[in-house]
Amino acid sequence: MKKWVILMISVLILAACEAPGIMSNSQKENKIAVTQMIKLKDIQYVALGDSLTEGVGDELDKEGYVGRMKKEMETWRGVKSVTVTNTAKRGRRSDQLIDQIQSGEIDDALEQADIISLTIGGNDLMKIVRSNITDLTKEVFDDKRPAFQQRYETIMQLIRERNPNAPIILIGVYNPLSIFTKEKSDMNTIMREWNSDIRGFANQDGHAVFINVVDLFDSNDNMVYHTDFFHPNAKGYDQMTARIIKTLHEVDLKKLSHGQFDFKEDSTDE
């Protein structure tokens with residue numbers, strides 16, 4: 001009888017060890033080994049572009065989406081610390097960004113970057129609006145679009161010449177004029193087309209990702225605009241950052257970063 005009792009207890013213990021949610025020692029060791037494959041390092045984050053990257057409109061002074069991304073990145077696996085080099089400037093257009101990169105003044109920052117983000121194009125669009133305010137038609141934007149495509153391609157080439165591997169976050173453009181009317185207009189089509197161009201450059205690169213934000217700012221019902229009704233406020237930058245994080249989850253951050261870093265697993269998995 002005692003032998004049967006001992007045998008049954010042994011079977012139950014073995015079954016419990018293989019039950020879902022309970023790891024054996026070997027499973028735990030394998031998980032630890034996989035986790036340690038991503039080595040901790042000091043991350044260099046370089047931000048390029050215009051006022052959206054500069055953080056204009058953020059009344060909480062958290063440096064827009066860039067400051068919020070820094071805090072997010074500090075929680076990633078493989079990240080020991082994050083140093084931000086924000087080279088953005090209010091009003092900058094794509095031709096001016098090309099001049100900045102070609103000047104060589106940010107070569108060191110780009111070469112050392114582990115991750116790069118970029119907002120550009122909004123001021124290109126606004127220049128077209130201002131220059132054609134009395135006769136603003138879709139044809140005017142169509143005429144300027146090929147030149148913008150060429151400049152954006154040049155920007156990507158210049159970045160990759162200095163840094164072939166860092167993931168690049170390409171944030172799309174939005175139409176601040178949409179908050180003044182609910183009616184659909186040619187601007188909706190223009191935004192889709194110009195964002196499609198930016199998405200295309202992300203897809204061609206292989207280690208870049210396009211972030212669509214047009215729907216986040218198509219109205220001010222959620223109070224996402226600064227008082228200038230052009231830039232996001234703190235809430236708007238919160239939503240922009242959340243969209244970036246969501247998209248990075250969808251595209252696989254570890255793959256995008258060549259295995260350098262990744263999101264931490266849920267605590268329930270640890």
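Reader: What does the secondary structure of the protein come to?
Author: Eleven helices and five strands. Keep in mind that this is a predicted model.

Reader: How are the strands arranged?
Author: The five strands form an open sheet in the order S2-S1-S3-S4-S5. The pairing is parallel.

Reader: Which are the edge strands?
Author: S2, residues 79-86, and S5. Each of them pairs on one side only.

Reader: And the twist, what does it average?
Author: The average is 20° from one strand to the next.

Reader: Let's look at S4. Which strands does it pair with?
Author: S3, residues 115-119, pairs with S4 in the parallel sense over four bridges. S5, residues 208-211, also runs parallel to S4, and four bridges join those two.

Reader: Which residues face each other there?
Author: Ile 168 in S4 is the bridge partner of Ile 116. Towards S5, Ile 169 stands opposite Val 209. Leu 170 stands opposite Phe 210.

Reader: Are the faces of S4 covered or open?
Author: Both are covered. Ile 168 and Leu 170 are buried on one side. Ile 169 and Ile 171 are buried on the other.

Reader: What lies across S4 and S5?
Author: Helix H10, residues 234-251. H10 runs at about 135° to S5.

Reader: New topic. How many residues are in the largest nonpolar core?
Author: There are 37. Leu 48, Ile 116, Tyr 152 and Leu 170 touch the most other members. Helix H8, residues 138-162, gives this core its largest share, with eight residues.

Reader: What is Tyr 152 in contact with?
Author: Setting aside neighbours within four places in sequence, Tyr 152 contacts Leu 118, Ile 120, Leu 170, Ile 198 and Phe 201.

Reader: How much of the whole protein is buried?
Author: Of its 270 residues, 45% count as buried. The accessible surface comes to about 14900 Å². Carbon and sulfur atoms account for 52% of that surface.

Reader: Now helix H5. Which of its residues are buried?
Author: H5 spans residues 94-102, and its buried residues are Ser 94, Leu 97, Ile 98, Gln 100 and Ile 101.

Reader: Why do they line one face of the helix?
Author: Seen down the axis of H5, they fall within an arc of 160°, so they line one face. An α-helix has 3.6 residues a turn, so residues three or four places apart point the same way.

Reader: What covers them?
Author: The cover includes strand S1 (41-49), helix H6 (107-112), S3, helix H7 (122-131) and H8.

Reader: What follows H5?
Author: Gly 104, whose phi is positive, near 85°.

Reader: Which residues other than glycine have a positive phi?
Author: Met 223 is one of them, at about 55°. Another is His 258, with phi near 60°.

Reader: Where is Met 223 found?
Author: In the loop between S5 and H10. Met 223 counts as exposed because its relative accessibility is 55%, and the cut-off for exposed is over 50%.

Reader: And where does His 258 lie?
Author: In the segment after helix H11, residues 253-256. His 258 has 39% relative accessibility, so it counts as partly exposed.

Conventions
Residues numbered from 1 in each chain as written. Predicted model: local features only at pLDDT ≥ 70, side-chain atom pairs only at ≥ 80, totals over all residues. Heavy atoms only, no water. Buried < 20%, exposed > 50% of the residue type's maximum accessible area, 1.4 Å probe, protein only. Pairing = 2+ DSSP bridges. Areas by Shrake-Rupley, 256 points an atom, 1.4 Å probe, with all protein chains shown as cover. Core = buried A, V, L, I, M, F, W, Y, C linked by side-chain atoms within 4.5 Å. Contact = heavy atoms within 4.5 Å. Axes fitted to C-alpha atoms, helices over the stretch in contact; angles between N-to-C directions. Arc of directions from axis to C-beta.
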